[in-house]
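Trainee: I would like to learn how to read helix packing. Where do we start?

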Amino acid sequence: MAGLQKKKNVKNSSLKKKNGQKQVKSRVAVKKEKERKIKEKKRKLKFRNIFLTLLISALVALLCYLLMQVPIGSILVKGNEFFSDQSIIDLAGIKEYPSTLRTPTITIQKKLEENDFIKTAKVEKRKFLTQVVIHVEENKPLFFYQPENKVVLQDGTKVEGDFQIPIVLNQIPEDVYNRFLEKMKQVPNDVLRKISEIRYYPSDVDSELFLLAMNDGIYVYATLPRFERVYHYLEYVEGFNNKKGILHLDSGDYLEILEDK
């Protein structure tokens, strides 16, 4: 009996040991399965993140491409008097209304200021960058200097060009020319447009005398020391009642009537 009991106890012990081993193996298998699933989940998450990154990058690239194709929609020019809006647009290099993003304001401004006809330029973009506003200060043409067949600009530069400006008919000595240029810079634009021709007309008593032919039929004698009176020409003619003659602004400030209408 004792032997049988002992064998039974050994058998039970072996069964428990085997059951324990099975339980340990089962826990290890469960743990490995969990680890496998976690790795698989991480792998899927990684692939999804890569896919989303590529998708977002592609969408951003497409958006950038589309934005780069958006042209300048409208152009507004301000401050110009002698040059037309189209002339300024041509000088700015945007007459074809190119891509607004590929044409930065600094590029437009630089092109304008490199031109002899523009003193300063300021460029801004509005309306989601599709409207370009150009503010210019012109290097305005003052007169056509016939002895050299050149247009003289406000800063003294001589260039080719065709403008509705006074024609200086004859040669002016350099020292007188320099003072004359300084005086002409100050002539108001509305008066400048009234002057048709200018002749250097020195006399024995005045080496700085000029004769101006106005496009309304009046002639004006003006001397450089008193040239500022020419700036007020429109005020003088208001009281002439359409009379034609010679306005002496070199002395006396009076109208010598040649023809009465």
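Mentor: Start with the axes: they are lines fitted to C-alpha atoms, for helices over the stretch in contact, and angles run from 0 to 180 degrees between N-to-C directions. Helices are DSSP runs (H or I, at least four residues), numbered from the N terminus. This is a predicted model: local features need pLDDT of at least 70, side-chain atom pairs count only at pLDDT 80 or more, and totals for chains, interfaces and linings use all residues. Residues are numbered from 1 along each chain as its sequence is written, and side-chain values use heavy atoms, without hydrogens and water.

Trainee: At what angle do H2 and H3 pack?

Mentor: Two packed helices are described by the angle between their axes and the distance between the axes. Here H2 (residues 85–92) and H3 (residues 105–113) pack at about 110°, axes 8 Å apart. H2 is therefore roughly perpendicular to H3 (65 to 115 degrees).

Trainee: Which residues make the contact?

Mentor: Contact means heavy atoms within 4.5 Å. H2 supplies Ile88, Leu91 and Ala92; H3 supplies Ile108, Lys111 and Leu112.

Trainee: What does Lys183 touch?

Mentor: Lys183 sits in helix H4 (residues 174–185). Leaving out residues up to four places away in sequence, Lys183 touches Leu224, Phe227, Glu228 and Tyr231. Lys183 and Leu224 are 41 residues apart in sequence, yet 7.3 Å apart in space, C-alpha to C-alpha.

Technical notes:
Helix = DSSP H or I, 4+ residues; strand = E, 2+ residues; numbered from the N terminus. Parallel < 35°, antiparallel > 145°, perpendicular 65-115°, else oblique.
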